[in-house]
Amino acid sequence: MQREKSSDFMPIVAGVAKQSYLATSLEDTSSNEKLIANVKLMRNYGILVLFINSIANYFQDLTYSLFFTSISCTILVLTHFFIKDTHFRITRFIFVVTVCMSISALCYVEGVVVGDYLYVFVLLIISIFIYDYKETAQLIFVFVATICCFAFIFSMAPFHSTVQRIGEQAERITFMINIFASVFITCMISFVILKQNYYNSKNILQEQQFFNTVFNTSSYAAFIIDGHTMAITDCNKQSLQMFDINDKPLLLEKSINILFKDFHTDEKISELFLKNKENWQGELTCFIASGVEFPGYVSIAPFLHGDKLLKKVTILDITALKKTQAELVIAKDKAEQAMKAKSQFLSNMSHELRTPLNGIIGTANLLLDEASMPEQKEHFDLLKFSSEHMLHLINDVLDFSKIEADMMELEKVPFNTNEFLHKIHNLFASQYAKKNILLEFDLDSKLDRYLLGDETRLSQVLSNLIANALKFTENGKVVVTAKMIKSTSKKASIYFSVKDTGLGITKKQQELIFLSFTQGDTTTTRKFGGTGLGLSISKNIIGLYNGEIKVESEKGKGSNFYFTIDLDLHLSNKSFVNEKIMSSLVSLENMKVLIAEDNLINMLVARKFLKKWNVVPEEAINGIEALDKFRKEDFDVLLIDLEMPEMDGYETIKEIRKINTHIPVIAFTAAVYDDMQTDLIGKGFTDYIQKPFRPEDLHRKLSFYAKSVAG
């Protein structure tokens, strides 16, 4: 059966207790306002009656009566100035006391025959009108004051006046005025009460209609249930539609738990609806008599109606939401699979691209060493530069793909900051010398210490900035500054800057240079080349350090790229084997090295350099052959490629470690992935060297292990 699904998903029930408190506060405020209005109205009626009596007394020359009515009238007029929210109870007290005393005094000086006692009954009606039924003490005071007034009149007041002379005609006139005034006031009060009751009833009816409309037009099913029996006492129209019920009485007096799956055996449902005394929200499986099930977001809010405990239960059909969530999970899984496939593709591409480049760059290095003619050396220099440039572009693309996939992570290994910067200086010294550009390093002496960080990534950032400075500077100099801004017992803040005297960058171009595949000017790519990824990658690497790379520049006046990063202090100056290779070039003569490499060009390049260094190389084209030779001969170092047919480097190292756990084994690989060093060491390798390799890097690593073996 197809059902209409609600797409709304929102919190259903607000706090009932809070609503009740607000409603009570509003009710009290409204009640006070009505009482103040009633007191004002009754005061005005009192002033009118006393004023009319004062006029009649004046013309009838009733001096004492005139005195009391005018005084009482004046007192009531004066209450106008302090009948406010905080004083209206005092005004009521003054009003009651003034009227009681005025009635008592008039009955005493005019006699009972004139009917002033009629106002006592009017006062009782007024008291009910201007007092709240909750104010029991004040109502008792009014009734006591009225009874005392009435008792005084019929016990102390004479039938005919003995204080002032009143004729029979004056008595009749005064009696008629009192009857008329008391009847008039009674009628007016009755009219006001009826009118107020009418509007109150009308407002209550409109409010009830409003809440019924809200209740029945809600997008969720709402039920009111008995808090003790779970019986449904009321529900809205959406409830009937959601549970496919044609007639409301079919639901009333039924237990709410019949709307949920397994309600006969699931104690949780009964506990929620019967025992739970607090608000609850969560998901339950709803059940329709026709057999259809659907997920519902259920909210339970208990509240008191009089002395009866009720609970409001609201249900929202979240089938569409669940479907969307399931689709999102599937999409997430597909995205993760695609990301994994992309990562694998990048790793494979890295290996496939770097392997031939290793052969090209290695061959170029060999030819440069062997070239005798100047024109040949120039061609080989160009070949080496072009191949290294291509390798740099490949590295940029692979790094950008890592950043885009949020897969780039920073290592945290110790390195000496000054030695690290001297390496970078040596890397660029010859390039700057060829272009006659001065390269200066301004280093803080405090940096001659070990810090924890990713030396490779930091070198990538500085190398990119220094290479760019060289690229865009025709004359002058480039100054690299490194200084410690502050240091604690655990961290150091290091400031780096690369300042040149080159072309400079306009303000508009500065907004673009850190974007991917973007350079400051479209002519830049044509003139200088590049992918436009270098600064974008550098920005992301510094971002991983929670820093920000910035630029200050002016067209024609050079540029200054700078950033500050925080690095943890390395508490010991002892460096790790894989991170600090001894820089001195020692003799490798008669060192026995086993090379396992399936690529003939890579094998040729490695063999050439090893023989040049008087190393005794032994070759194997796969892991099986390497393992066989390792069992038969003794070697000082093993150089094992990771990607080989029949038995790869990972399987080979497992078998080697079963035989010898101490021999140095260097992974010889073109692969690139996160936490590569940690992963390889964890799998049994001692070190690794990246293809395409630099001859000096391979020599240093072999030198270190030659010293280790000798030691």
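Reply: Among contacts in the protein chain between residues at least 6 apart in sequence, 69% join residues at least 24 apart. The model is a predicted one, and its protein chain, with 20 helices and 17 strands, has 711 residues, of which 44% count as buried.

Within this chain, the largest nonpolar core has 41 residues, and those with the most contacts inside it are Y432, F496 and F563. Two or more residues each are given to this core by α11 (417–434), α12, β9 (477–487), β10 (491–500), α15 and β12 (559–569), and the largest share, seven residues, comes from α12. Setting aside residues up to four places away in sequence, F563 touches L458, V461, L462, L465, I494, Y495, F496, I542, E548 and I549. In general terms, nonpolar side chains tend to be buried together in soluble globular proteins.

Turning to the helices, α12 (residues 455–471) and α15 (residues 534–544) pack at an angle of about 145°, with their axes 9 Å apart, and their crossing is left-handed. On the α12 side the contact is made by R457, Q460, V461, N464, L465 and N468, while α15 brings G534, L535, I537, S538, I541 and I542; by class, this contact has six nonpolar, five polar and one charged residues. V461, L465 and I542, listed in that helix contact, are also among the residues that F563 touches.

Definitions and conventions: Residues are numbered from 1 along each chain as its sequence is written. This is a predicted model: local features need pLDDT of at least 70, side-chain atom pairs count only at pLDDT 80 or more; totals for chains, interfaces and linings use all residues. Side-chain values use heavy atoms; hydrogens and water are left out. Axes are lines fitted to C-alpha atoms, for helices over the stretch in contact, and angles run from 0 to 180 degrees between N-to-C directions. Helices (H or I, at least four residues) and strands (E, at least two) are DSSP runs, numbered from the N terminus. A crossing is left-handed if the near helix is turned anticlockwise from the far one by less than a right angle, and right-handed if clockwise. Contact means heavy atoms within 4.5 Å. Ala, Val, Leu, Ile, Met, Phe, Trp, Tyr, Cys and Pro count as nonpolar, Asp, Glu, Lys and Arg as charged, and the others, Gly among them, as polar. Buried means under 20% relative accessible area, exposed over 50%, partly exposed in between (1.4 Å probe, protein chains only). A nonpolar core is a set of buried Ala, Val, Leu, Ile, Met, Phe, Trp, Tyr and Cys residues joined through side-chain atoms within 4.5 Å.
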